[in-house]
Amino acid sequence: HMDLNQQNCTNDAWGAARSAAQVWLSLVVGLIMLPAMFGVSLGITETYMKVLIKTLKWATFRIQKGRRERETLKPSPSNGIIQRDDGSMEKEIGELRRSRPKRPDGGDFTLSDVFYFSRKGLESIVEDEVTQRFSSEELVSWNLLTRTNNNFHYVSLRLTVLWGLGVVIRYCILAPLRITLAAIGISWLVIGTTVVGLLPSSRVKNWLSELVHLMCYRICARGLSATVHYHNKQNRPRKGGICVANHTSPIDVVILANDGCYAMVGQVHGGLMGVIQRSMVKSCPHIWFERSEMKDRHLVTQRLRDHVNDKTKLPILIFPEGTCINNTSVMMFKKGSFEIGGTIYPVAIKYDPQFGDAFWNSAKYNMVSYLLRMMTSWAIVCNVWYLPAMTQMEGEDAVQFANRVKSAIARQGGLVDLSWDGGLKRDKVKNTFKELEQKKYSSMVVGDDSSD
Amino acid sequence: PLWCDKVLLRASRRVEIAYFSHSQITRLYSRFHSLDKGENGALSREDFQRIPELAINPLGDRIINAFFPEGEDQVNFRGFMRTLAHFRPVEDNEKSKGHDASEPLNSRNNKLLFAFRLYDLDRDDKISRDELLQVLRMMVGVNISDEQLGSIADRTIQEADTNGDMSISFSEFIKVLEKVDVEQKMSIRFLH
């Protein structure tokens, strides 16, 4: 008797669970996935965003009120900590030497010359332009996520309740939803591209391949609650060109591929990534390099050049910084992509940190924990600007061309334009830069040699 | 965690705290924490060398050395602030009067002492010709010959040396630089 009852109970429980899962899945498919695949919007995300913006505005207001009551001024991180006097070495050391008579050749050494170097050194210890780019941007006002709660203190019960509610919504409702969508998106990509890959080469195959890619990237974008505003769509990258963009995270690929079809470039991976890569390449040409091939620069450039010269192939997507930066600046563009020839289509991507921090700090988080963090943020909001195409000008070498493109992207995205190498995230700075400083100083010591 | 240490800081009554406001200490602690890759509450020389702008500074190593007391390889947040306190602007002296009658860390004399110690490699309170040559070599790299550098060193010592011992003592150092605006040039101003 007892056993039968127990069995009935568990059967009922299983039945209930199965039907709940079915309802859940059909809701997801019907309300989110299908519209996403066809580029249609039902307005659910828009409503969610409106509610979210209102809530965050209220939260900011409450925090500011709380702050004023306690009368502590929080310095704005974007203004920097210290006053930096950006005078040149010549100007600064010249002022230090003001009290001495000028020598005939203009060169001199004084014991006070070290003041310049020590002040510059101490300034860089308190605040420098480079190391801050490799960690997440600090927020001016808390956005109700635990992870950004660094310098913010307890303000009120209502705010804490709101934060708690946020945790429940993000982890128990949004995250499972997004994970489901991402899983669907990736499986659809693998299956779809494999199926399309079985077709013979033809215009139909290409069209189908583009459709499959677009659909699955759209699903993945929904899987991150990505709200992307595309500007200047008339400048969108065309076939046979090279699309370059600033790099903040692996999500950049999803953001861009949500609106157009690109040929991806990258290293061959194992595991799930490898499966995705192999199936993608079946339906349309992407460029995957073995680790050993990456070291041979000529081979890399030649393969890319071959792809670009074939005007029927999709534009290549490249991130010339070579590593993820925190979206407050654009760092040095490696010249390799600019030596291939072909038209460059620059794209600027700027994320709104208020809704979620998109920067992948690969030293702190691996790919899986990073993706989970993405899926438990409020949303990913960003602006994408398509800039007019650029080509290498007469008498301009690859480095100058790269810098020109970098400045254009930085200007459009409102990012700081830096010449420092993104590789400084992991590597030491090259000695040649120190030697440049030494050379500059030497000419101040020796003076103008032409006067002998 | 970050907030724990701040509680400890607030409870502390150390002299260094007098040189910085509460918000400045918070910012400096954030900075200290971000430089401390090993997360052990202290910075090593490698942590400093990871700052690119400091690594390309010709006197980078000497400046880093100023943070580390004799024979030690680690500097904690107190020591970090203590060295930075030398560069506080001089007019902020009201806060720093207090615990003992000795001179504040950011006085003109102590700023000059900081610079003197950049030259005085063996910490014997004298800048010898050899030490001057080594520091000069750090600053100019390979761009000036040994002979020329030697004559520059000789000339400098000759100008400064008043007691004829062919080296520069701290008081001779102060005398040579009496006309230089040390307070302005060796100060870092916070924005808040």
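Visitor: Which strands does helix α12 of chain A lie across?
Guide: Helix α12 (residues 398-413) of chain A lies across β2 (242-245), β7 (344-351) and β8 of chain A. The helix runs at about 35° to β7(A). Axes are lines fitted to C-alpha atoms, for helices over the stretch in contact, with angles from 0 to 180 degrees between N-to-C directions. Helices (H or I, at least four residues) and strands (E, at least two) are DSSP runs, numbered from the N terminus.

Visitor: Before we go on, what are the ground rules?
Guide: This is a predicted model: local features need pLDDT of at least 70, side-chain atom pairs count only at pLDDT 80 or more, and totals for chains, interfaces and linings use all residues. Residues are numbered from 1 along each chain as its sequence is written, chains are lettered from A and ligands numbered from 1 in the order in which they are written, and side-chain values use heavy atoms, with hydrogens and water left out.

Visitor: Back to the sheet. What is the strand order?
Guide: The order is β1-β8-β7-β2-β5-β3-β4 in chain A. It is an open sheet of 7 strands with mixed pairing. Strands pair if DSSP finds at least two bridges between them.

Visitor: Which are the edge strands?
Guide: β1 (226-231) and β4 (287-289) of chain A. Each pairs on one side only. The twist averages 25° from one strand to the next.

Visitor: What does β1(A) pair with?
Guide: Strand β8 (residues 380-386) of chain A, in the parallel sense, over 6 bridges. A:V228 stands opposite A:C382 there.

Visitor: And how many bridges join β3(A) and β4(A)?
Guide: They pair in the parallel sense over 3 bridges. A:G266 stands opposite A:W288 in β4(A).

Visitor: New topic. How many residues of chain B are in contact with chain A?
Guide: 60 residues of chain B are in contact (heavy atoms within 4.5 Å) with 53 residues of chain A. The area buried between them is about 5,200 Å², and carbon and sulfur atoms give 67% of that. Buried area is the accessible area (1.4 Å probe) that two parts lose on being put together, summed over both.

Visitor: Which three residues of chain B supply more of its buried area than any other three?
Guide: B:R27, B:E53 and B:K185, with 15% of the area that chain B buries against chain A.

Visitor: How many salt bridges between the chains?
Guide: The count is 6. The rule: a side-chain nitrogen of Lys or Arg within 4 Å of a carboxyl oxygen of Asp or Glu. One of the pairs is A:R84 with B:E53, with closest N and O atoms 3.3 Å apart.
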